[in-house]
Structure formats: structure tokens, C-alpha cells
Amino acid sequence: MEEKTEQEEAPRKDNGDRLTVCLISAAFFGSVGSSFLYGYNLSVVNAPARYIKTFYNKTWIDRYNEPIGDGTVTLLWSITVSIFAIGGLVGALTVSFLIKVLGRKGTLLANNALALIAALLLALGETAGSFEMLIIGRFIIGMDSGQS
């Protein structure tokens, strides 16, 4: 009879079938990092709607010395809300090209740069007195979300 060595007698550990902490945390943070942020940025503009419309009116008065019309403020508000989804479409359509050119890591870094640019535009729009910065910032954060 052949004697079995210790390596042959020990049961084999197969890590392919079990969930690891690393896998669970990667799935959790991946979903929070993309899906949650997309939903947040899609709906975050609804709560301060009254203040944003007031900002549009104030900016319009500062520029043109007359209050903004109801149709114009509705148009600007509609553009502000919908431009995020249009940016998401552009981001989703360009991500495969960016991955080919920049690679996965480079695309993620470029995506982070988009988020920073969008944050600056959104944060400084009121200080600069420019509702266009708000609209462009929403478009860029849409691109960021579409690429995620």
C-alpha cells in the first residue's frame, strides 16, 4: 500500500464558490458609486426648484433689467432638468471609445475629472451670476453618470 502524504489527505479549499468580503464590498460600492449617484443627480434638482427659479429671475433682472417671463423660466427649468439625461446619453455613447483610447483606469480618471468640473460649475454658478453654468454643470455630471 502506498502511504498518502499530508497534502493529499488534507481537504482542498475551493475559493471559487464562496463570497468573500472583497467581492461583497466591491459589488456594494460599485452599485452605490454608479446607480445611487445617478438617481441622486437625477432627482436632486427637484427639491430646490423654487430657489433655482428665483435665481433664474434674479439673474435675468440683473442682465436685462426686467423680470423673466413665465414661458422662459419654464423653458430654462425644463432644460436644467432634462440636460442631465442628455449628458448621460452622451456619456454612455462615448465610454467605449474612451476605454479604447485611455484604457479602463484612464477612463475612470477622466470620469473623475468630469465630476470635479461639474461640481465647480454647479457650486460657482450662483456666485458668477450664470444660470448657464448650472445647465452646463448638469450636462457634465450627466456625462459622468453615463460613463460610470
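Reader: Which residues have the most contacts inside the largest nonpolar core?

Author: First the idea. A nonpolar core is a set of buried Ala, Val, Leu, Ile, Met, Phe, Trp, Tyr and Cys residues joined through side-chain atoms within 4.5 Å. Buried means under 20% relative accessible area, exposed over 50%, partly exposed in between (1.4 Å probe, protein chains only). In this case the largest core has 14 residues. Ile52, Tyr56, Ile68, Leu76, Trp77, Phe131 and Ile135 have the most contacts inside it. Helices H3 (49-64), H4 (70-128) and H5 (131-147) each supply at least two of the core's residues. H3 gives the largest share, 5 residues. A second, separate core has 8 residues, including Phe84, Ala118, Ile140 and Ile141.

Reader: What are the ground rules for these values?

Author: This is a predicted model: local features need pLDDT of at least 70, side-chain atom pairs count only at pLDDT 80 or more, and totals for chains, interfaces and linings use all residues. Residues are numbered from 1 along each chain as its sequence is written, and side-chain values use heavy atoms, with hydrogens and water left out.

Reader: Which residues does Trp77 touch beyond its sequence neighbours?

Author: Contact means heavy atoms within 4.5 Å. Not counting residues up to four places away in sequence, Trp77 touches Val45, Asn46, Ala49, Ile52, Lys53 and Tyr56.

Reader: Is Ile83 buried or exposed?

Author: Ile83 counts as buried because its relative accessible area is 16%. This residue lies in helix H4. Leaving aside neighbours within four places in sequence, Ile83 is in contact with Ile135, Arg138 and Phe139. Its C-alpha atom is 9.7 Å from that of Ile141, 58 residues apart along the chain.

Reader: How many helices and strands does the protein chain have?

Author: Helices (H or I, at least four residues) and strands (E, at least two) are DSSP runs, numbered from the N terminus. The protein chain has 5 helices and 0 strands.

Reader: What does UniProt list as "transmembrane region"?

Author: UniProt positions are in the numbering used here, feature names are shortened, and annotations may be inferred rather than shown by experiment. The unreviewed entry lists residues 21-40, 75-102 and 114-141. In the model, residues 75-102 are 100% helix and 0% strand, with end C-alpha atoms 37 Å apart. Residues 114-141 are 93% helix and 0% strand, and their end C-alpha atoms lie 7 Å apart.

Reader: How much of the protein chain counts as buried?

Author: Of its 148 residues, 28% count as buried.
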